[in-house]
Amino acid sequence: MAADRLNGLSMHRNWNRMEAVTGSLPVTGAEIVNYLHGRSRWLRAREWLRGRRYLPARFMDRARPLVVVAYPVRDARAAFQVALAVEQDWLTAPQPGREAYDEILFKAPGLIVLQLRRKNPCGCLGHRHPYVNEQPFAEPHEIFRGTGVGELDIAYTRVASWQPLPLSDIALDTKFLEGTRLEDFRAKQFRLKMLSILLHETHHMVEAEAPETAIRERSIAFYHDALAAYVENAVDTMSLTIDRSFSRME
Ligand SMILES: [Zn+2]
Ligand SMILES: [Zn+2]
């Protein structure tokens, strides 16, 4: 047993060393922020005046890919929602839905630039981009350590009004949700739609030949299951409070 443990340890150490040698350690959000701040003062001032901002977000259960939300400063709130979706809603989504994206995220570029827009002229919810256009990420840089960089866009006002599924399709009645619970539900729904589109476009990025129907089916299933789990949980905690108030009355 001791030998096994030692073996495991040395394997782990070798793996770490290998990562260091090949330079394939995952890029972190702090590194991206550090890189952006390290650019010339003139460049940063111009970007600042243009209102361009960047927000890194990572899937908390995996080292890569790192998502960098690129957004106009006036859309900061929506950018924070996307980051929250990647960092929290992903983690609380049901396991099977996340597992369905395990290999896709594993094969995805280590850095994904998400251009946040209000609308797309073509009316689409999102696209994957053949090239990286976002200036700080368009050229290879040593900070990326050779990791692939991919880019996509999401039009968030379109997403807000988009109904991927009739609400009746979510197993549990949302009519029980009122007031702040209903607001929470709508915010969660928006974040899950954004997350499912991010996963959808990343899937296109990784499997360029895969048919749209298969890609859509997977992202809609992820959205449906995550939202249904959320509603189920919300209704559960609600009936718990009702039970308690009943027992208090006795
Ligand atoms: Zn389009
Ligand atoms: Zn598609």
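Helix H4 comprises 17 residues, which at 1.5 Å a residue should span 24 Å, and because its end C-alpha atoms are 23 Å apart, the two values agree; the expected span is taken as 1.5 Å times one less than the number of residues. Helices (H or I, at least four residues) and strands (E, at least two) are DSSP runs, numbered from the N terminus. The model is a predicted one, in which local features need pLDDT of at least 70 and side-chain atom pairs count only at pLDDT 80 or more, whereas totals for chains, interfaces and linings use all residues. Residues are numbered from 1 along each chain as its sequence is written, while chains are lettered from A and ligands numbered from 1 in the order in which they are written.

H4 bends by about 40° at alanine 85, the bend being the angle between axes fitted to the seven residues ending there and the seven starting there. Buried residues of H4 include Ala79, Val82, Ala83 and Trp90, where buried denotes 20 or more other C-beta atoms within 10 Å of the residue's own, exposed 12 or fewer, and partly exposed a number in between, with C-beta atoms placed from the backbone.

Leaving aside neighbours within four places in sequence, valine 69 is in contact (C-beta atoms, placed from the backbone, within 7 Å) with residues including Ala79, Val82, Leu114 and Leu116.

Five strands form an open sheet of mixed pairing in the order E1-E2-E3-E5-E4, two strands being paired if DSSP finds at least two bridges between them. E1 and strand E4 (126-129) stand at the edges with a single partner strand each, so one side of each is left without a neighbour in the sheet. E2 and E3 pair in the parallel sense over five bridges, and leucine 66 has leucine 111 of E3 as its bridge partner.

Two backbone features lie in loops. The peptide bond from arginine 64 to proline 65 is cis, with omega near 0°, and proline 65 is placed in the loop between E1 and E2. Arginine 145, in the loop between helix H7 (135-138) and E5, has a positive phi near 45°. Most residues other than glycine have a negative phi, and most peptide bonds are trans.

Technical notes:
Contact = placed C-beta atoms within 7 Å.
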